Amino acid sequence: MENGILHVDMNNFYASVETLYAPQYRDVPMAVAGDKESRHGIILAKNMLAKAKGVQTAEPIWQAMRKCPGLQLVPPHHERYAYFSQLAKKIYQDYTDRVEAFSLDECWLDVYGSGLLFGDGRRIAETIRQRVKAELGLTVSIGVSFNKIFAKLGSDYKKPDAVTEFGRREMEEIIWNMPCSDLLLVGPSTEKTLRRYGLHTIGDIARMEPGVMRSLLGRMGETLWVYANGLDDSPVQRVDAQEEPKSIGNSTTLPRDLTTDQEVRETLYSLAETVAARLRRHRMRAQEVQITVRSSDFQEIQRQKRLPGAARDSATLYQAAWELYKKENKSWAVRLLGLRAGRLIREDEEQVSFFEDGDSRKRRERLEDAVDRVRERYGSESLRRAFLVKGEEPSPPERKAPP
C-alpha cells in the first residue's frame with residue numbers, strides 16, 4: 001500500500017451535530033455561538049449556508065449578524081460533541097488500532113497493516129466516509145497520503161463529504177502550488193513572516209535551504225521545510241497510547257477588559273497557580289513559559305522565554321509571564337490572557353541550575369505541595385494568595401548571582 005495514512009475531518013462538526021437534534025436548522029444559515037450577552041459571544045462553528053454568507057469561526061456574533069442578518073444562533077452542547085466524537089472513533093477502530101486524535105473532530109489513522117482485510121487506503125477511506133454518513137448522519141472529508149501532514153492537506157482540499165488522495169506524484173503538481181497558510185503550523189503571524197521574505201506557496205518553502213528556513217523562523221522554519229518536502233515521518237499513535245503532555249496551559253476570556261497592571265498581575269498569577277498545580281499533578285517541570293495576550297480589538301500576540309531552571313511552582317511561572325508581558329510595553333485593553341508551560345521534563349530528569357537558589361525553590365515547592373493538599377480537601381478557594389486579596393505585587397523567586 002503506497003498511501004496508508006488517513007486524516008478524517010468531520011465537516012462543520014458542531015453545527016452538523018446540532019441539526020441532528022433540531023432539523024429545522026438544516027436548510028437555513030445557522031451557527032453555534034457563545035452567549036452574545038457575555039464576552040464569550042463569538043462564532044464557534046457554522047454550517048455551509050452561513051459560510052457562504054461569509055460567516056467565519058471565532059468572529060464576534062455582531063459581526064457575523066451584520067454579514068448574515070437571518071443567521072440562526074444555537075448554544076453549544078459539548079456533551080453531544082464528545083458523544084459523537086467517540087462514536088466516530090469506534091468506526092475508525094474497526095479498521096485499525098492506530099487512531100490518533102488531533103482534536104474532537106479530527107483524527108489520523110494508520111491503515112498500512114489493514115490492506116489484506118479491507119483494501120488500500122483510498123478504499124478504506126471511502127468505506128469510513130459512507131459508514132459515518134449512514135450510521136451517524138454526519139459527513140466527513142478524508143485525506144489519504146503517505147504521511148500525516150499531506151493527509152491533513154488532503155482532508156482540507158475538498159469539502160464536504162469527500163475523499164482526496166495525495167501521493168508523491170501530487171506533491172509537486174498540487175501540494176507545492178498551495179498557499180503557505182494551508183500547511184500545518186502556519187498561522188497568520190508565520191504567514192506574514194514568510195510573505196515578507198517572498199515565500200507564498202508550500203513549494204517556495206520546499207525549495208529553500210533548511211538552514212535558511214531555520215534562520216528565518218528558528219526550529220519551526222526547519223520543521224516547515226520538512227513538512228513541505230514530504231519528509232515528516234512522525235507515527236500515528238495507538239488509540240490507547242498514554243502520551244506525556246508536551247505542554248500544560250490555561251487561558252481565560254475576561255468578563256471585562258483589563259486596563260491596569262494590577263489586574264493583569266492578578267490574572268497571570270491565578271493562571272500560574274492553575275498551571276503549576278497541573279504540573280505537580282503530572283510530576284513534570286517546565287523549562288519554558290509562554291503567554292498569549294488578546295486585546296479588545298482582537299489583536300493577539302504570543303511570546304515565550306526559557307527559564308533558568310526547570311520549575312513547577314507558581315511564583316517562577318508568574319514572574320516569567322509578567323516579564324514577558326511588560327517587555328511588550330504596550331497600553332492595551334486585555335480581553336484574553338493565557339499562560340502555558342512548555343519544554344516539559346519529568347521531575348527525575350531535572351538538571352541543577354547555577355543561577356537559582358535550590359533551597360529557596362524547594363521551600364516554595366513544599367509550600368505549594370501543602371497548598372495542593374489543603375485545596376483538594378477543602379476546595380480551591382480555601383487558600384488564596386495574600387496579594388490576590390490585598391492587591392500587592394508578589395515577590396519574585398530568589399536567584400543566585402552569576403559566578
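Which residues are buried in helix α12 (residues 219–228)? I started my notebook with that one, keeping in mind that this is a predicted model.

**Entry 1: helix α12**

I went along α12 and found Gly221, Leu224, Trp225, Tyr227 and Ala228 buried, taking buried as under 20% relative accessible area. Then I looked down the axis of α12: the buried residues fall within an arc of 160 degrees, so they line one face of the helix.

Next I asked myself what covers the buried residues of α12. The cover includes α7 (148–157) and α8 (168–173), and I also noted α9 (188–196), α10 (202–206) and α11 (210–217) as part of it.

Before leaving this helix, I checked what follows α12 and came to Gly230, which has a positive phi, near 70 degrees.

**Entry 2: the sheet**

I moved on to the strands. In what order do the 3 strands of the open sheet run? I read the order as β3-β2-β4, with mixed pairing. The edge strands are β3 (43–46) and β4 (72–74), each of which pairs on one side only. From one strand to the next, I noted a twist that averages 35 degrees.

I took a second look at β2 (residues 30–33) and β3: the two pair in the antiparallel sense, over 3 bridges. As a handy landmark, I jotted down that Ala31 has Lys46 in β3 as its bridge partner.

**Entry 3: a helix on the sheet**

Which strands does helix α1 (residues 13–21) touch where it packs on the sheet? I found α1 touching β2, β3 and β4. The direction of α1 makes about 110 degrees with that of β2.

Definitions and conventions:
Residues numbered from 1 in each chain as written. Predicted model: local features only at pLDDT ≥ 70, side-chain atom pairs only at ≥ 80, totals over all residues. Heavy atoms only, no water. Buried < 20%, exposed > 50% of the residue type's maximum accessible area, 1.4 Å probe, protein only. Helix = DSSP H or I, 4+ residues; strand = E, 2+ residues; numbered from the N terminus. Arc of directions from axis to C-beta. Contact = heavy atoms within 4.5 Å. Pairing = 2+ DSSP bridges. Axes fitted to C-alpha atoms, helices over the stretch in contact; angles between N-to-C directions.
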